[in-house]
Each structure stands twice: as C-alpha cells, then as structure tokens.
Amino acid sequence: MNTVVTSKEEILKTSRELMQQQGWSAVNIRSVAAACGVSVGSIYNYFASKTELVGAVVESVWCEIFHRPEDEAVFQDIRTCIAWMYERMEYGCKQYPGFFAMHSLGFMQEDKPDGRRRMQQTWQHILDGLCAVLKRDINIRPDAFDEQFTAEKFANILFSLMLSALQRQEYDPSVVLEIVRRTLY
C-alpha cells in the first residue's frame, strides 16, 4: 500500500470515478483510500473529514461538467452559451447519474455548510457567466434591458430554467432558446 498520494487532484479523480461506478455512497474516506491504494491517514492529509472530501468532489464534478470550452465563441452569444450549457448538463447526467438531484437536495436539506457553500459558489460562477454573456452579446437589441429588467435578473431566470431542466433531466434547450429569441432579439 502506498503511504503518500501523488496529489489532491488524484484523490478527486479517483473519487469521481467511484461516484460514476458506484454512486454517492461509494465516496467516503475508507473507499477512496482503498481505491487510491493509500492509507486512510493519507486521505486525511488532504481532507479533514468526509464532508470536506464530498464537498471537494462535488466542486470537482461541477468543474468537470462545466469546464471552459476551447471555443471562446460560446461566450459571445447567449444562444450559443445556453445550447452549450444544456449539452454539458446532459453530459453530466450521463457521466454522473443522479449527481444533480442527489447532491443539491442533500446539501440543501442537511446541515452541510461546506458542501452548500461550494455548490452556491459554483452556481454563482455560472450565473455570473450567463450575465457576462448577456452583456457581451452584440446581437441583443439595445433596448432589451432597462433598470427594471436587467441582464442580472434575466440571467437568474435562465439559471432557474436550467436548474428546473436538471431536475427533470430534460436537456432540449429549444424552448429556452425561443424565449431568449423573443425576449432579447
């Protein structure tokens, strides 16, 4: 058995693989240590508790799902961005079955402040990205937003629709794209 893990990233990678193969219940200090071929103490060198490990795994899954695309055009047009996001949501659902529903419900209902904080940070990052794309999209009509109907408020609506689609496991963005077209263009 190894006594030193090569990196925190390797632990997270192994944890994601366990989650993919066996589900959430497989992500705990002992199973991750066994899968990494290290002692339990080695995992504790990187994560103080199971809650901290699971929170970091959740964050790493979100980052994998919504990694920055190589094509920067995704962030120049809100319709392209939405289509990309829904594709990534579908990818996430296939790679990590039950991930979206299980972790969001678990972190929001239980007293897991670290996991909730990480999830909210990720969600805020996505919201900020949507808002930035809305402000950057040169095809949006100039009068689409005003003081009462702001890009930030519309980004919140888009994000709510995205979360609803995640819960329903519905990854066809056509209705959302039509709402965007009729509202902004």
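This is a predicted model: local features need pLDDT of at least 70, side-chain atom pairs count only at pLDDT 80 or more; totals for chains, interfaces and linings use all residues.
A residue counts as buried when its relative accessible area is under 20%.

**Stop 1: the whole chain**

Show the protein as a cartoon. What secondary structure does the protein have? There are nine helices and zero strands. Follow the elements from the N terminus, and they run α-α-α-α-α-α-α-α-α.

Now think about what is covered. Of the 185 residues in the protein, 43% are buried. The accessible surface comes to about 10,100 Å². Carbon and sulfur atoms hold 51% of that area.

Next, think about contacts along the chain. Take those between residues at least 6 apart in sequence. Of these contacts, 69% join residues at least 24 apart.

**Stop 2: the cysteines**

**Stop 3: helix H2**

Select residues 29–36, which form helix H2. Colour Ile29, Val32, Ala33 and Cys36, the buried residues of H2. Their directions cover an arc of only 100° around the axis, so they sit on the same side of H2. Here is the general rule: an α-helix has 3.6 residues a turn, so residues three or four places apart point the same way.

Which exposed residues does the opposite face of H2 carry? Arg30 and Ala34 are there, turned away from the buried side. What does the buried side meet? The buried residues of H2 pack against H1, helix H3 (40–44) and H4.

**Stop 4**

Select helix H4, residues 50–65. Find Leu53, which lies in this helix. Leu53 has a relative accessible area of 0%, so it is buried. Show the residues around Leu53. Leaving aside neighbours within four places in sequence, Leu53 contacts Ile11, Ser15, Val27, Asn28, Ile29, Val32 and Phe47. Two of these names, Ile29 and Val32, are among the buried residues of H2.

Try the distance tool. Leu53 and Ile11 are 42 residues apart along the chain, and their C-alpha atoms are separated by 9.1 Å.

Stay in H4 and pick Ala56. Ala56 is buried, since its relative accessible area is 4%. Ala56 and Ser15 are 41 residues apart in sequence, yet 9.7 Å apart from C-alpha to C-alpha.

**Stop 4: Arg16 in helix H1**

Jump to Arg16, in helix H1. Is Arg16 buried or exposed? Arg16 is buried, because its relative accessible area is 18%.

**Stop 5: the core**

Nonpolar side chains tend to be buried together in soluble globular proteins. Look for that here. The largest nonpolar core has 57 residues. Select Trp62, Phe66, Ile78, Phe99, Leu130, Leu134 and Leu158, which touch the most other members. Which elements give two or more residues to this core? They are H1, H2, H4, H5, H6, H7, H8 and H9.

Zoom in on Leu158. Not counting residues up to four places away in sequence, Leu158 touches Ile78, Ile82, Leu130, Leu134, Val176 and Val180.

**Stop 6: helix H8**

Select residues 151–168, helix H8. With 18 residues at 1.5 Å a residue, H8 should span 26 Å. The C-alpha atoms at its ends are 26 Å apart, which agrees.

Colour the buried residues of H8: Ala151, Phe154, Ala155, Leu158, Phe159, Met162, Ala165 and Leu166. Look down the helix axis. The buried residues fall within an arc of 140°, so they line one face of H8.

**Last stop: Gln169**

Step past the end of H8 to Gln169, the residue that follows. Where is Gln169 placed? Gln169 is in the loop between H8 and H9. Check its backbone angle. Gln169 is not a glycine, but its phi is positive, about 55°. Finally, turn to its surroundings. Gln169 has 48% relative accessibility, so it counts as partly exposed.

Key
Residues are numbered from 1 along each chain as its sequence is written. Side-chain values use heavy atoms; hydrogens and water are left out. Helices (H or I, at least four residues) and strands (E, at least two) are DSSP runs, numbered from the N terminus. The expected span of a helix is 1.5 Å times one less than its number of residues. Buried means under 20% relative accessible area, exposed over 50%, partly exposed in between (1.4 Å probe, protein chains only). The arc is that of the directions from the helix axis to the C-beta atoms. Contact means heavy atoms within 4.5 Å. Accessible areas come from the Shrake-Rupley method with a 1.4 Å probe; for residues, only the protein chains shown count as cover. A nonpolar core is a set of buried Ala, Val, Leu, Ile, Met, Phe, Trp, Tyr and Cys residues joined through side-chain atoms within 4.5 Å.
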